[in-house]
Amino acid sequence: MSFMVNECTQCAHRVYPARLWCPACGHDQASAVAVDEAELLAWTRVPGPAGEADRLIATVQALPRGPALAVRLDAEAGAIGQRLRLVARQEHGVVLPWAEPVAE
Ligand SMILES: [Zn+2]
């Protein structure tokens with residue numbers, strides 16, 4: 001499932017999560033667009049709740065035009081700047097962005 005962000009219908013600025021008004025131009029209409037690829041900016045390991053595995057959290061820049069997103073990873077990431085594939089996963093009834101390594 002592709003991960004979706006909101007794109008302003010006036011200036012094409014992209015945001016996630018959705019906003020009532022575009023932070024770039026103030027327009028109030030946006031459409032959902034799929035973003036499939038991202039560049040790794042940073043990642044870290046966060047201890048999970050008692051009895052659960054640690055979580056890997058990354059900050060990524062969605063390509064080609066953003067936005068920056070906080071995403072979950074299944075496995076430790078490689079180098080900063082690495083390309084990742086964005087996917088939407090539903091957890092506890094909420095759709096959230098995850099990123100996976102791109103096969104090269
Ligand atoms: Zn706009």
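Visitor: Which strands make up the closed barrel, and with what pairing?

Guide: First, a note on the source: this is a predicted model, in which local features need pLDDT of at least 70, side-chain atom pairs count only at pLDDT 80 or more, and totals for chains, interfaces and linings use all residues. Residues are numbered from 1 along each chain as its sequence is written. Strands (E, at least two residues) and helices (H or I, at least four) are DSSP runs, numbered from the N terminus, and two strands pair if DSSP finds at least two bridges between them. Here, five strands in the order β4-β5-β6-β8-β7 form a closed barrel with mixed pairing.

Visitor: How many helices and strands does the protein have?

Guide: The protein has zero helices and eight strands.

Visitor: How many bridges join β7 to β8?

Guide: Strands β7 (residues 83-91) and β8 (residues 94-101) are antiparallel and joined by eight bridges. R89, for instance, has L96 in β8 as its bridge partner.

Visitor: Which residues touch the most other members of the largest nonpolar core?

Guide: A nonpolar core is a set of buried Ala, Val, Leu, Ile, Met, Phe, Trp, Tyr and Cys residues joined through C-beta atoms within 7 Å. A residue is buried if 20 or more other C-beta atoms, placed from the backbone, lie within 10 Å of its own. In this core of 15 residues, A38, A58, V60, A62, L86 and A99 touch the most other members. Elements giving two or more residues to this core include β1 (3-8) and β5 (55-63).

Visitor: What share of the protein counts as buried?

Guide: Of its 104 residues, 18% count as buried.

Methods:
Buried ≥ 20, exposed ≤ 12 C-beta atoms within 10 Å, placed from the backbone.
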